[in-house]
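User: Could you walk me through some of the terms used for this structure? I would like to see what stands behind each one.

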Amino acid sequence: MPKLWQMDDYNECLESPGPGEPPGVYCGLSVVLKPNNRSELWKLIEEFSSDYKRHYNHQVLKWGVCIKRCQKAIEKLSPAERNALTVEPFPIDVRYKFNDGILENIPTYREAYHDVLEICVNKELNDTYGLVAHTEILSCDKSTDEVVIDALDMSFLIVLCALVCFVTLSSWYDSSINYKRTSDHYRQPLDSKRKMVWVSFSIQRNWYRLTSRSKDELNQKLRFFQAFRFITLWFVIVGHVSMLLSFTPTTDSEKLEKIMHNVGSMILTNGVQFTQSFLAMSGTLLSIQFCSFAEKRKGKVSFLYIPLAILYRYVRLTPVYAFVILLHATWLLKLQTGPLWRWGAETEQTSCRRNWWTNLLYINNYVHADEPCVQQGWYLGAEFQIFIIALIVLVTIVRIPRAKVPILGLVLLAGYVIPALFIYYQKLEGTYIITLEAQRYIFWYDKFYLHAYIPTHINFGNYIQGVLTGVIYNELQKRSINLAQSKAFSIVWHLTFVIVFLSMLPSYMFYVNDFPTPSVWMAAYFVVSKNLYGIGAVIVILGCIYGVNGVVKRILNYPFFEPLGRLTYGGFLVHFSVMRLMFFSVRAPVHYSDLLALSLVFGATVLSLLMALVLCLLIELPTTALQNHIFGSFKDQKSNPVDPETATNGNINPGFEGKKSEL
């Protein structure tokens, strides 16, 4: 079969032309093979591609072509030969490009180069395989292209310069009032609120905030969550490396297809479901902290705290998020070049300039989800929405304690029934199907991704299971029950790790079979298997809180994880930017290997954490410090039910820190 990827030399094509020569032009193409039932090769392609869950669609090829080479290749063809290599329009019912309007100037390039490219491509296909194709220009780069800076680009530079100035001045001021020249100065609050505002951006003070450890009893019990957050980010990167390897050109794409024929590959493909365990973790943190707060208030928690708590969390999450969105809308595209770069970066720029507001309103997992800005931000939207629901539920059960059990039971039932109904009526499979073909378009238009992965109603159950776990933990504390003393729980806790991994394997049956839909049993299987991850997560969490395995807890409580855990929110926001730079800047197909994948995972992890450190010291911790002063009176009255973290003690924060627990 024709190779999925074929690329001319990008750098050679765009070398500066000599005097009087036309500029070099390099175009990225989608080549859609025309059906030909008289060709045995076409029949093979059609049959092989019909296994769409495990194979690429080999009818759609991706080529990178130099215009100069094509012009030379067809210059000696007669008009009749050229006409024979021009393909008449034919029905195309497969995805082969991004929607029109995503990439700029494409109509101009199509008008100028379409005929030349189609004849050139078809000459090669016909000579080699006896096939012809429809050729669609996706992007073109010219040697004369110049970087254009607009007002939005300038606004990013202004914001960045302002932040650097704030950090510089605040650090200088903090150092100038350190009369004793001791490091303890940066660990202690100053004697006036005005001074604390001035040192909010102090890099020395924020460094100590980043690396400090809380001495609060509850936060010492929950300290292992910092390790969980870091491990979470690592799993996110592993999954996204796998996805982008399927997007970028490889010399041996059949290796990826062979992996999909392995039952063990379900651990990789279903790894995306680990998101559910981290939603459970977020719900558990929120519930534990809220129950602790409610006890201190003796159950006197007003519904008026809900909007204030939502505002507090919004203010904490959004500044660094907005900065990353602005980066994607402006300078990300200008950081690299390459035959794939516009596919990977200009698509992001266009979406962020169009749809940035959906991210800042945290509705991006529903509105314009098929053209996302900061694609991993779907989780932020889903979790923010569930957080609001969970907070209402928690306030309600505190206000009406007699209805605690039925309210939690009904909400948990809704978390199971609602996703099942959607799976049934949308005629979806019994698991979230990850296809190689969907990954070629970064899942933008994939029905499984849009309807069975990112919606809030699909991800609701495990967060509520986490909330229920927090309530159960609170009851265990009241009754002085120590789960570490239960041999039965200890056995269940250790078996959970094995059971969760083994539970992924049965999903393979949905990749090798096309069961009729809608199906009641598949809808039920989807919900049970999805929520099983959350059940496993809350069992692990309870075991770690009580120290069922002392060795594991000591490892998770190692000080090394403290700053890494606090960097994971920023790391989660920027890791895809880092990976775009790593993957979409390639100039030619690469050889896929396990060693390559491993090196990309560790490279992306290190670079993401380094960028997260910059964001943390430049935006995240300074804005958190300012927020503590803005909400100071609110916190002084101990009325904040969602974020008891102070400016310096590094407590666990179920609102902000729960966000860091994303897959």
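Analyst: Happy to! Let's start with cavities: on a 1 Å grid over the protein atoms alone, a cavity is a set of points where a 1.4 Å probe fits but cannot get out, and lining residues have an atom within 4 Å of a point. This is a predicted model, where local features need pLDDT of at least 70, side-chain atom pairs count only at pLDDT 80 or more, and totals for chains, interfaces and linings use all residues. Residues are numbered from 1 along each chain as its sequence is written, and side-chain values use heavy atoms, without hydrogens and water.

User: Which residues line the second largest cavity?

Analyst: The lining includes N270, Q273, Y432, S503, F526 and K530. The volume of this cavity is about 70 Å³, counted as the space filled by probe spheres set on the points.

User: Why is α15 called roughly antiparallel to α16?

Analyst: The axes of α15 (residues 305-329) and α16 (residues 341-360) cross at roughly 165°. Angles over 145 degrees count as roughly antiparallel, so α15 is roughly antiparallel to α16. Their crossing is left-handed, meaning that the near helix is turned anticlockwise from the far one by less than a right angle.

User: And what makes α6 roughly perpendicular to α9?

Analyst: Helix α6 (residues 151-176) packs against α9 (residues 203-211) at about 90°. The range for roughly perpendicular is 65 to 115 degrees, so α6 is roughly perpendicular to α9. In contact (heavy atoms within 4.5 Å), V167, S171, D174 and S175 of α6 meet I203, Q204 and R205 of α9.

How values were computed:
Axes are lines fitted to C-alpha atoms, for helices over the stretch in contact, and angles run from 0 to 180 degrees between N-to-C directions. Helices (H or I, at least four residues) and strands (E, at least two) are DSSP runs, numbered from the N terminus. Angles under 35 degrees count as roughly parallel, over 145 as roughly antiparallel, 65 to 115 as roughly perpendicular and the rest as oblique. On a 1 Å grid over the protein atoms alone, a cavity is a set of points where a 1.4 Å probe fits but cannot get out, and a pocket is an open set with protein on both sides within 12 Å along at least five of seven lines; lining residues have an atom within 4 Å of a point.
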